[in-house]
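Dear colleague,

Please read them beside the coordinates, and tell me where your own reading departs from mine.

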Amino acid sequence: MTRALALHLGVIAALFAAQYLLPSYHQTNIARIMVLAVFAMGYNIAFGYTGLLSLGHALFFAAGLYATGLGIELAGLSAAPALLLGLIAGGAIAAATGVLALRTSGVSFMIVTLMFAQTGYLTILYFGTYTRGDEGIVINRAARAIGSLDLSADTPRYFAALTLFAIALLINLMLTRSRLGRSMIAMRENEQRSRMLGYNPFRVKLIALVISGLYAGAAGAAYGVLFGYVGASFATIQYSILPLLYVLLGGAGTTLGPFLGALIMFYLIDISSGYTTAHLFVVGAALLVLVLFAPKGILGTLRERAVKWLP
Amino acid sequence: MDFGPFLLLALMEGTVMAAVLALTAVGLSLVFGVMRVVNVAHGEFFMLGAVIAWFVTHYMPGPPAVGFAAALVICPLLVGGVAALSDTLILKRLNYDPEATIVATIGLSYIFQQAALTFYGPDARPVEAPFDLRIQLPWFGYSGYKIAVVVAAIVILLAVWLLMTRTRAGLIMRATQLDRTTARAFGINVDRVYAAVFALGAGLAAVAAVLIVPIQQAHYLMGHDPLLLSFIVVIIGGLGSLRGTLLAALVIGLSDGVISVFFSPTLAKILATLLVAMVLVFRPQGLFGVKQ
């Protein structure tokens, strides 16, 4: 077993143990953070590894969230197939967005993804009869269960979030070790040269974006079932910025960075809200400080200075 | 009301919308053209202009016209100052790297929103129009102030055009836009030009906001729509092309006015945003731009 695998299994084990050590309030927080971290991991696969700075990932998260939520509320699905539907929706929307948006790059790519996400958000508002717009849908408690496991109760919810997180993290680790993962990094570092070596940049980037969308869709689907609320606010630009913020803070292109970033940012806002109501300021200042002084994030800097083997 | 007058009303509303949009979008286009910076905080400069206008008119003694005139001068100066400061303290240090500047301007926009929320509050508040004049047309009465807004916007846009094409400052800006390295070699202080252009762009957004605030109330989240619409206009018009921006502002403003009157405004926005995405994907030089 390599050091890297041991580290990741250690993090998962620590989170497993945390369930027995933490009071209920923090349990719910960590469950939420783990789901958001899956979203951020997906963002990291596009941004951190492949170099695709998207401003539209809220669209993929919302696709998963709404596919699951509407699947349960309107089509009467049970939780398990609805979650699967959410996963697929995230990947499918990412594929459709990618086919168009990947014809552009750099700043245009950012704006195109932003516009697609905005279109998605407005579409949710437009079909307010089904989605109930800004007000959103509360998923009924009875539907939030797999078999006899009630996912709206604290402990099963925590373990469901942990299972999703663990699977996502280990796949992420495997991906970074695979040929595909390395060709993704090649796109980030030098697209021209990798094209010359015979790689098809469009294909690699599209695959990366679809994997990223599957992660975001899974996170959105899980968020809906575990926390029981589906609303248009999850499709706004804020939810595209959030994973970017987590990834920048934890370290772009590191497997554990998204989780670390989500954990720190969540508690930064949680603790600061005890002193001030200025959440927006905390987020804005964090973005500025990161981009000015630590563009590689915490784990990125750590990898550069000390722990070279960090994946 | 019959269809004809109804359409006329929609067109007039669209013209007012287009005039304000043109001012805001020209600011964004100028910043993108000269500095190659996508300024996500542009909508927040618009919002700051409106909020400061409320403070100025609220605390200025005398008739509303005096306060409004003061706001027209003070708001762009203050907002421009904030913009110049943001440029020198933050954007310059990032070397205007496109992705880093976008992240930084997103950060700035959150900070400005919070500042407005903290010092101004969550309410939407109106600003009194400087004069109250109603022009009676055969079919309906129309606000004289709205017509004054269109005239003012045209005058300001003409001034910007004269500045860019007929003055030394404009020449320096255009030189920097074409080739900043050569401009620097000719002794142009590019850092100062960038700060000035960023301030000018923000100032234009602030002026547009002061003009609109007697029609639309000032609110700390009001920067959202102008930002999105300015992006749409600037992209359709061709990134960095002032003439294209103006033309696109007219088209978008008028069609938005007409579509919103006859159809759902949300549908109008969906179609406009999709159109922009498609233009960027299939015709990145813009509908009116030429391939470089």
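A residue is called buried here if 20 or more other C-beta atoms lie within 10 Å of its own, exposed if 12 or fewer do, and partly exposed in between. Please also keep in mind that this is a predicted model.

With that cut-off in hand, I begin with a loop of chain B. Asn95(B) sits in the loop between α3 (64-91) and α4 (98-119) of chain B, and because this residue has 8 C-beta neighbours inside 10 Å, Asn95(B) counts as exposed. The backbone of Asn95(B) has a positive phi of about 55°, although the residue is not a glycine. Tyr96(B) belongs to the loop between α3 and α4 of chain B as well, and Tyr96(B), likewise not a glycine, has a positive phi of about 55°. With 15 other C-beta atoms within 10 Å, Tyr96(B) is partly exposed. As background, most residues other than glycine have a negative phi.

Within chain B, one helix pair can be described in some detail. Helix α10 (residues 242-262) of chain B and helix α11 (residues 265-282) of chain B pack at an angle of about 145°, with their axes 8 Å apart, and the crossing of α10(B) and α11(B) is right-handed. The contact is made by Ile252(B), Asp256(B), Ile259(B) and Ser260(B) from α10(B), and by Pro265(B), Ala268(B) and Ala272(B) from α11(B). Sorted by class, the contact of α10(B) with α11(B) has five nonpolar, one polar and one charged residues.

Also in chain B, Ile236(B) is found in helix α9, residues 224-237, and because it has 26 other C-beta atoms within 10 Å, Ile236(B) is buried. Ile236(B) and Asp132(B) are 104 residues apart in sequence and 36 Å apart in space, C-alpha to C-alpha.

In chain A, helix α10 (residues 201-227) has 27 residues that should span 39 Å at 1.5 Å a residue, and its end C-alpha atoms are 38 Å apart, which agrees. Since 20 of the 27 residues of α10(A) are buried, this helix is largely enclosed by the rest of the structure. After α10(A) comes Gly228(A), whose phi is positive, near 75°.

Ala79(A) lies in helix α4 of chain A and, with 24 C-beta neighbours inside 10 Å, counts as buried. Not counting residues up to four places away in sequence, Ala79(A) touches Ile72(A), Ala143(A), Arg144(A), Ala145(A), Ile146(A), Leu151(A) and Val225(A). Ala79(A) and Arg188(A) are 109 residues apart in sequence and, from C-alpha to C-alpha, 38 Å apart in space.

Is Arg179(A), by contrast, buried or exposed? This residue has its place in helix α8 (residues 179-189) of chain A, and because it has 7 C-beta neighbours inside 10 Å, Arg179(A) counts as exposed. The C-alpha atoms of Arg179(A) and Val307(A), which are 128 residues apart along the chain, are separated by 23 Å.

With best regards

How values were computed:
Residues are numbered from 1 along each chain as its sequence is written. Chains are lettered from A and ligands numbered from 1 in the order in which they are written. This is a predicted model: local features need pLDDT of at least 70, side-chain atom pairs count only at pLDDT 80 or more; totals for chains, interfaces and linings use all residues. Axes are lines fitted to C-alpha atoms, for helices over the stretch in contact, and angles run from 0 to 180 degrees between N-to-C directions. Helices (H or I, at least four residues) and strands (E, at least two) are DSSP runs, numbered from the N terminus. A crossing is left-handed if the near helix is turned anticlockwise from the far one by less than a right angle, and right-handed if clockwise. Two residues are in contact if their C-beta atoms, placed from the backbone, lie within 7 Å. Ala, Val, Leu, Ile, Met, Phe, Trp, Tyr, Cys and Pro count as nonpolar, Asp, Glu, Lys and Arg as charged, and the others, Gly among them, as polar. The expected span of a helix is 1.5 Å times one less than its number of residues.
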